[in-house]
Amino acid sequence: MPRPITYSPAYTIVPTYECFNRCTYCNFRREPGQDAWLSLAEAETIFESLQGTGTIEILILSGEVHPQSDRRQAWFQHIYDLCQLALSQGFLPHTNAGPLSFAEMEALKMVNVSMGLMLEQTTSKLLETVHKHAPSKVPELRVRQLEQAGELQIPFTTGLLLGIGETVADWQDTLETIARLHRRYGHIQEVILQPHSPGNQQTGEMASFPPEKLLNAIAIARQILPDEIAIQIPPNLIASPEYLIACLEAGASDLGGISPKDEVNPDYPHPRVLELSQTIAAAGFKLVPRLPVYPQFRHWLRDPLRQAICKRDRENTTPQMPKTIDNRSRRSLSH
Ligand code: SF4
């Protein structure tokens, strides 16, 4: 029997690219005030175009407005409204919008089947380098996000950004932190291992994360993380089909969402779903679509989320291979 490898048929919308942080590896951000926010009307047009394409997940991936800004409430409300709109159109929202307050998370829980935030790395030494001008990347703040998600019973995706100046011991510490929080709350559904991949927009000069080290990272993650947590790798950031297969053999079991564009790594086009499927099938793996919430967490969801999932079940729209959109893998979450 081929071993199943999952992915989520998805589409990424970006409420705004503006962000008050300045991570030196960022290929996503625009200066605050220099980006027109995605309007609800524009989002509605996108959602209409996605009907019948097999898309299930809408990833709401946003740059951040400062928590003390007088624009924060409008930013948050806009994200909430986009989630609600996606849900009303039959899609399943998953939001990653940086660190949120407990009240913000609690509100978004009602309109998201799952949420996410990359822990990235728990070492504070990165605050002296790549995160020197990124207040949202204070490790304690991000650990607190994972705690809040656990307290609120929000199915959660997190992960590590690899190759930004950390050590293998730092990976272990970060993975152990995730494992500890999961043992306490049982809420982590997947951990992304995202190799840093330089892009055209970033301000810092950093080499690509060496592909062979990813195999080591997967092996360490598989040792430290509880078995029920899936390890996700972004196939567009993997150096070759051979390395992709090696990553799966090392223990990765999920390829993340599938969307026309990787908004975080726009310089790295993705293989199409069909190509991915054929590539891994040749090595004894089977690409299988999944929902953005893993089955073991469904009982945490309330209406209207539960209804939306039941509707998918009734329509027997457990994801099929999307037919018409340009299906390319999306996301790495780290932005
Ligand atoms: S990586 Fe994320 S948090 Fe950092 S500057 Fe870019 S958008 Fe902002």
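Which residues in helix 5 meet which residues in helix 6? Trp 171, Gln 172, Leu 175, Glu 176 and Ala 179 in helix 5 meet Ala 217, Ile 220, Ala 221 and Ile 224 in helix 6. This is a predicted model, in which local features need pLDDT of at least 70, side-chain atom pairs count only at pLDDT 80 or more, and totals for chains, interfaces and linings use all residues. Residues are numbered from 1 along each chain as its sequence is written. Helices (H or I, at least four residues) and strands (E, at least two) are DSSP runs, numbered from the N terminus. Residues are in contact if their C-beta atoms, placed from the backbone, lie within 7 Å.

**Helix 5 and helix 6**

- The axes of helix 5 (residues 168-185) and helix 6 (residues 211-224) cross at roughly 35° and come within 9 Å; axes are lines fitted to C-alpha atoms, for helices over the stretch in contact, with angles from 0 to 180 degrees between N-to-C directions.
- Their crossing is right-handed, a term for the near helix being turned clockwise from the far one by less than a right angle.
- By class, this contact has 7 nonpolar, 1 polar and 1 charged residues. Ala, Val, Leu, Ile, Met, Phe, Trp, Tyr, Cys and Pro count as nonpolar, Asp, Glu, Lys and Arg as charged, and the others, Gly among them, as polar.

**Helix 6 and helix 7**

- The axes of helix 6 and helix 7 (residues 241-250) come within 9 Å and cross at roughly 15°. That makes helix 6 roughly parallel to helix 7, a label for angles under 35 degrees.
- The crossing of helix 6 with helix 7 is right-handed.
- From helix 6, Pro 211, Leu 214, Leu 215, Ile 218 and Ala 219 meet Tyr 243, Ala 246, Cys 247 and Ala 250 of helix 7. By class, the contact has 9 nonpolar, no polar and no charged residues.

**Helix 4 and helix 5**

- Helix 4 packs with helix 5 at an angle of about 20°, and their axes are 10 Å apart. The two helices are therefore roughly parallel to each other.
- Helix 4 also passes helix 5 in a right-handed crossing.
- Val 143, Leu 146, Glu 147 and Gly 150 in helix 4 meet Thr 177, Leu 181, Arg 184 and Tyr 185 in helix 5. By class, this contact has 4 nonpolar, 2 polar and 2 charged residues.

**Nonpolar core**

- The largest nonpolar core has 87 residues, and those with the most contacts inside it are Ile 60, Val 191 and Leu 193. Such a core is a set of buried Ala, Val, Leu, Ile, Met, Phe, Trp, Tyr and Cys residues joined through C-beta atoms within 7 Å.
- Helix 2 (residues 72-88) gives the largest share of this core, 8 residues.
- Leaving aside neighbours within four places in sequence, Leu 193 is in contact with residues including Leu 214, Ala 217, Ile 218 and Ala 221.

**Backbone in the loops**

- Glu 120 has a positive phi of about 70° although it is not a glycine, and lies in the loop between strand 4 (114-116) and helix 4 (139-151).
- Glu 120 counts as buried because it has 25 C-beta neighbours inside 10 Å; the cut-offs are 20 or more other C-beta atoms within 10 Å for buried, 12 or fewer for exposed, and in between for partly exposed, with C-beta atoms placed from the backbone.
- Gln 153, also not a glycine, has a positive phi of about 55°. Gln 153 is found in the loop between helix 4 and strand 5 (156-162), and counts as partly exposed, with 15 C-beta neighbours inside 10 Å.
- Asp 303 and Pro 304 are joined by a cis peptide bond, with omega about 5°. Pro 304 lies in the loop between strand 9 (285-289) and helix 9 (305-314).

Notes
Two residues are in contact if their C-beta atoms, placed from the backbone, lie within 7 Å. Angles under 35 degrees count as roughly parallel, over 145 as roughly antiparallel, 65 to 115 as roughly perpendicular and the rest as oblique.
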